[in-house]
Each structure stands twice: as C-alpha cells, then as structure tokens.
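These are my notebook entries on one protein model. I set down what I looked up, entry by entry.

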Amino acid sequence: MSSKKRFPFLQNFWEKVADIILKNRIAWLVVISIITGFMVYMATQLQLSYELPKILPQTDEHYQRYEAFKDRYGEDGNVMVIAIKTDDIYSLDTYNAWYDLGKDLKKIDGIKNVASICNLFEIRPDEVEKKFNFIKISPEKPSSQAEVDSIKTKINKYPFYKGFLFNEDGTSHLMAVTFDQEKMNSKSRMSITGGVAELAEAFGQSTGIKPHFSGMPFVRTNFMSKVSLEVAKFMILAFLITAIILFLFFRSFRVVFFALLVIAISVLWSVGLIQIFGYKITLLTGLVPSIIVVIGIPNSIFLINKYQEEYLKCKNQITALKISIAKIGKTTFIANLTTFIGFFVFYFTGSPLLLEFGLVASIAVMATWALSLILIPIIFSYNPKPKAKHVRHLENKNISKFLEKVDFIVHNRRTKLYWIISILVLLSVFGMTKIKSIGHLVDDLPANDPVFTDLKFIEENFKGIVPIEVSIDTKTENGALDPEVLTKIRLVQREFAKYPELTKPISVVEAIKFVYQGYRGGDEKYFRLPGALELNKLAAYAGMADGNEKLMSSFMDSTRRYTRISYQSGDVGTVRMGEMIANLQAKTDTIFNYDSEFEEWLPEEEQIDAKLTGNGVVFTKGNDYLLSNLRDSTILAIILVSLVMATQFLNARTVLISTIPSIIPLVITAGVMGFFGIPLKPTTILIFSIAFGIASDGTIYFLTKYKEEIESGKTISEAVSETIKLSGISMVYTAIILFFGFGIYVVSGFKGTVFLGLLVSMTLLIGMISNLILLPSFLMTLDKRQNKKLPS
C-alpha cells in the first residue's frame, strides 16, 4: 500500500507545495531577503570562543568540582608565559631589559600581574612586631653589575623559585603574565596577547635573545585564530572547487551561479543561527558552515537535474518545475531528515559543546533544504529555458558507461561482489582493533608551527603549561594549617614528584617552607616543612596567623578550610594524562584517608576531600566523554534513520538492506584509521556522523526512485536498472563534488583537518559505490527469494 493510501492527508501534498511556492514567488523572495538581511546582521555580531571548550555536562562531578575550584581560586589557566634561553640574563644590560619588559607588560590593560626574577622578594622576620616583612630583592632597576650579582646571589639561595621562573641549571628564564579574569574570556584577549608578544619581540630584537611564548591564554588564542582563518580559507576553496565542478557538469555559468547563491544564503543562515542561540564559534560550531555547503549541493543538483530532465519531456518550464518540486521535494526531505537526525542526536548528550553543534547544525540542515526547495524553482522560473548544451550532461557518455557496468555487476556478478565486500569488512574490523583514542592540548598543529615548537621549548625547560590541581577540603576551619594535614600534603607531593611530566608544586607546604627559610635567616637548608613546635612559633607571626595577601591567599581561602596543590604538566596526551590522574588520585585518597596502622579507611565523616581537578583533568575527562558520546550518537543516529526508513518502506528486510550500505563505508574507514595509525579524537570521530548522514542520503535517493518504479508496475530487476540509470547520474555528480569538496582539506595546516578531508572524501566515495552497487545487489538477491515483486 502506498503512503498516500495509508495517509489520505498526504494526497497530492507535494503538488500543493509546488503550487504554493510557484504562485507566491515574489512573496517568498521578499521574506527570504528580509530573513537573510537579519542573518547577515547577526553574523557580524558573532565572536570566537576563547574559553576552555565546555565538553562535560553541568551534572558531571568533574565539571562541578572544577567550577567550584574556579569560584574559590579563580581561573587556573590565565597565565601566559614568555621564556628565554640565555647564560647572560644576569649581565646588567640584559637584566635591565628583562626588568623593563616586566614593567611595560604590567601597563597593558588586561594584565593583572607579571612575575619574573626582577620582582621577587625575600622574607625577614620582625621579632618585635611579630610579623614577616616581604622585602623586594630588586626594589629598583640596578645601575651596576655588582647590584645584579648581589640580586643573583639572593635569588639562587631560595629553592622556592627554582623550577618556576628559571630552570634547574639557570640557563632558561620565564616571565609569567597573569591575565585579568574578565578580559581573558573576551575578544580583547587577542589584542592583549598581541601586545604582550609585541613587547617581548622588541626585547628579543634589542638583546638578540629569542622569546618563546606559551601558556593557556596564548595557546587558546592562537589556536582559535588559526581555526577561524582555516574556516574562512576552506569556505572560499569549497565554493571555488564546487563552482568549477558544477560548471563542468552543467556547462552553464547561470546554473552554477544560482546554485552557489542558494548555498551561500544557507551558509549565512547557519552562521546567523549560532549568534541567535547566543553561542560562539568553537571548534565544532565552526564546522557548521562547511557542512552546510556539503548539504546544499545534493539538494540543488537533484532539483536542477530533475527540472532539466522533465523539461526535455514536456518543454514547459512551470510544469517541469512543479514536477521537480513534487518528486524531489519528498525525496530530499527524507534525505535531509536523516541528516537532521544525525546531528540532532548530539542535543541529548548533555555536553554543551555537542549540544550547541547538534542544535545549530540540525536546524541549519532543514533550513538549507527549505531554501533549496523554494529558491531553486523560483530562480529558474525567471531564467531562460534550458538549451540543448545545458542538458547534455544528462546523457554523459562516460557516466553512462560507468552506470552500465554497475548494472551488469548488479545483475551478473553479485556473488563475487559479496565475497569482495565480506573480505574488506573483515579486514576493516581487524583494523578497527588497532585504533587508538588520544587527544592533545595543541592537537593537530604541525611540528614546525611556532605555537607547537614554543610549547615544546617550555616543556623541555619548565616541564609544561597544562594546569593540574589537587583541591583539598579539610572540612574544618584552619584545617589547612593543621600539622597532620600539612604532613599529608607533603607526602602527596612526594608521590607527584615521581612523575617527570609534572613541575614542582605550588602549595601551602611550599609557602611554609619558604617562610621557614626566611624565619631561620635565609639559610637554604631550612627550606623544609618544620615540625609541630616550629609551626606553632611561625603561627605567632601575622604572616601565618592572619594570612599574607601576597603569599597565602593563592593557597587557601579566608577560613583556611580549603587549600590546593598546583602543578603544571607537559602536553602528554589524554592516554598518559588519564593514567596519571587515575594513579595519583588513588595515591592521594590513600594518603589522606587510609589508616595504615589499622589497615582500614577512615570513617566518611573524618575523611578529607582531596580531588584532582584543573584544566588538564577537565580536558582529559572531557575528551573521553566526547568520544564516548559521539560513538553513542552515531549508533543512535543509525537506529533513528532505520526507523525513518521503516516509515517509508514498511518492510524489515528492506530497512535492513538499506542501512547496511551506509554502515559499510564507516567500517572500512575505521579500518583504514586503525591500519594507518590515525587516532580517534573529536575531529576524526566527526567523520562518522557526517559521512553516515550524507551516505544515507544516497540510500534515500536510490530507494525512493526505486519505489516509484516498483509502484509503476516494473519488476525488481527492471526497477533496479531504471533507478541506476536515472538516479545514478545525480548520485555520481554529488559524490564527485563532495569528494573534491572535502578533499581540499588536505592542504590544511591542521593534521586533524587533513584526516577529516581524506577520510570523509574516501568514505563518501565508498558510500556512493555502496549505494549504487551493493544496495541494488541486495534488492536483486531479495528478488530471487520473493520472485518478482517487492511489496511496499
């Protein structure tokens, strides 16, 4: 039974849609023009997101812990670093240039603090006032080499500074530039970062010492700037490549221009949608415009091809356009609906990053379909009738020969085809077992990129810039200064010290060691955690009893209930980082809450809450969460698309054989990733959702045409041949454009983008072949079992 008989209200539905579109052409153009103007305005308001991508849902314990940590201590990733390598830092001229750089940086609006060897302090006890005096080691710019030598001597006797502002052998030095919290997450951070870099470069030119830049603000700003440039570059290239291929097919500048015009309007709408929802450009939402170019092309090609095909039959433009809307409208609606599902499933993941991407992309997909269905017929209704040369592509000899071979294979070589596909799938499944899942902070940047090379310089000399924190809740006021708690913090630091990827810690323990060294006259041997009696003596000083803003506020809250241990790590990747987090969390739990004497865990009410958090932890957990949810979303999309198929064909076997040709390309692609060592990460796993959505479009186009042929009374064999011949041309055109459209990404400066282009191009090509050869082969095999007709 046909869908019209099952649902009477659908009788002539698409014919009515065609009438509404063509009888109200001016009104439609006015409405679309007004909306497009509004979308252009919204697009001009769009901003890049410089915040850490919000991958974890707000209900996730790691997200909640990190947000609570930031509320208590502020952003942990708000420090940009300038590093230099020189043996000459303590010569008068170089030291003074470094001194001046720090002063100049502090003047930049948006810079909260600057730390370097030029503004350090030492502690001296005041026995009379019972307080600690924080004395600047270099209160003014020195005027002689002797002053600089004295400064060097004083600094070198304090182990507290070693490893932070200069490395162990003293050949590399670092300037830490702290950003204002509000400025850091706004677009002004670009000018601030640029200003810092400009002053540092001027220092480099005057001294001949090359500055290296890193830190979370610098890395994120430069990474997002590169992403925005790449998005713009590939949008231009995509339009250019698409225009060339469309012209080669249609041989008409007019056709190419109007097809691209519709796509351009769709892209503007998609960008406007991002702003309407209050989102910013992120790594994922930045992909939406490119995806819309991909989605818009098949809609336009199928409509134009159908229009030209019908015009050849009836020689009447309006009639041909009505038929095109009625026939292609339904087909493209179902195809775009499956793509809509592929993106909208991200909305249910709970991840803000995925939610934003899924919502905008899914709505933009359907908006693109509507724009194509409305604008293409209206535009061509005002254009001259197609000439003979413009419809010549419908009888392209090369494509016709290819489709004839396809038809031959489907009818005569199915067994051999099944064997080949089976072997490929088995090899691919084996390859899938070799896939590794890993992400890096500066993922995808080439090895010669300055951001990457500077990061490696920092890691080589200062371990790294990825923040890892231990957030401690002692559950009692003044608990952070309890001698037993301090001893446990010291033991935790010893465990962390076993990992060469981590810097020295900054903590209340290190601060007390620094204070105690000053209390004992500055002798380096007293840079240690004192015993309980000595701690009580220190507590009598205001610097310990009341807390000193310069030192203690960074480690404890005002009640001294909460404290932290801060580390920086190298960009070791999510696999290694995950191992470190798991092991160190277990060690931390044991040290704080396990009674080794009685060999049992302390009662819950006596336990100290000490959990790892910070940028590094959230990035690692978020990466794992993102990969898991993208896998789940792909599976959910397959299920929902199968349900859409079921509503169209009401036949379990047809649904099954229509799903397999779209899944096989994904399996083969996953196998290729495993064999060639391409890691699974957010950029590469997107391949599967994008490719599945587009590949299932081809399935819909083929099956819808095939169903029409069956309902006209043809046998399955005849229907298959006719569908290959008629739908095959548009499917081949679309596949070629998509192949080269995604293929341009191979010239990207990001490895992930290169992989995205290569793998999506390959997947779509395999998907086209699968839909043109494997799908009709399944139908022919079904024909053998069912004898002549397939019930609808």
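**Entry: a salt bridge within a helix.** I began with Glu309 and Lys306, whose side chains meet in a salt bridge (3.5 Å, N to O). I count a salt bridge where a side-chain nitrogen of Lys or Arg is within 4 Å of a carboxyl oxygen of Asp or Glu. Both Glu309 and Lys306 lie in helix α11 (residues 288-314), three residues apart, about one turn of the helix. Helices (H or I, at least four residues) and strands (E, at least two) are DSSP runs, numbered from the N terminus.

I then looked up the accessibility of the two partners. Buried means under 20% relative accessible area, exposed over 50%, and partly exposed in between (1.4 Å probe, protein chains only). Glu309 is buried because its relative accessible area is 18%, and Lys306 is buried with 9%.

**Entry: basis of the values.** The model is predicted, so I note that local features need pLDDT of at least 70 and side-chain atom pairs count only at pLDDT 80 or more, while totals for chains, interfaces and linings use all residues. Residues are numbered from 1 along each chain as its sequence is written, and side-chain values use heavy atoms, with hydrogens and water left out.

Entry: With which other residue does Glu309 form a salt bridge? I found Lys313, the closest N and O atoms being 3.8 Å apart. Glu309 and Lys313 both lie in helix α11, four residues apart, about one turn of the helix. Lys313 is exposed, with a relative accessible area of 60%. Lys306, Glu309, Glu310 and Lys313 are linked in a network of salt bridges.

Entry: I next looked up Arg561 and Asp473, whose side chains meet in a salt bridge (2.7 Å, N to O). Arg561 lies in the loop between α20 (542-547) and β9 (562-569) and Asp473 in strand β7 (residues 466-473), so the pair ties together parts that are 88 residues apart in sequence. Arg561 is partly exposed at 28% relative accessible area, whereas Asp473 is buried at 12%. A search of the whole structure gave me 25 salt bridges.

**Entry: surface patches.** I take patches as made of residues with over 30% relative accessible area and no salt bridge, like charges being joined within 9 Å and nonpolar side chains (Val, Leu, Ile, Met, Phe, Trp, Tyr) within 5 Å. Trp419, Ile423, Leu427, Phe430, Phe675 and Phe676 make a nonpolar surface patch of about 730 Å². Which helix gives the largest share of the nonpolar patch? It is α15 (residues 414-432), with four residues. Ile423 has its place in helix α15 and counts as partly exposed at 48% relative accessibility.

A negative surface patch is formed by Asp87, Asp88, Asp93, Glu168 and Asp169. Asp169 lies in the loop between α6 (145-156) and β5 (172-179) and is exposed, with a relative accessible area of 55%.

**Entry: cysteines.** How many disulfides does the structure hold? I found zero, taking a disulfide as a pair of cysteine sulfur atoms within 2.5 Å. Cys118 counts as buried at 5% relative accessibility, while Cys314 is partly exposed at 30%.

**Entry: the whole protein.** I recorded 26 helices and 12 strands. The C-alpha trace spans about 105 × 60 × 45 Å along its principal axes. Buried residues make up 57% of the 792 residues.

Conventions
Areas by Shrake-Rupley, 256 points an atom, 1.4 Å probe, with all protein chains shown as cover. Lys, Arg positive; Asp, Glu negative; His and termini not counted. Charge placed at Lys NZ, Arg CZ, Asp CG, Glu CD.
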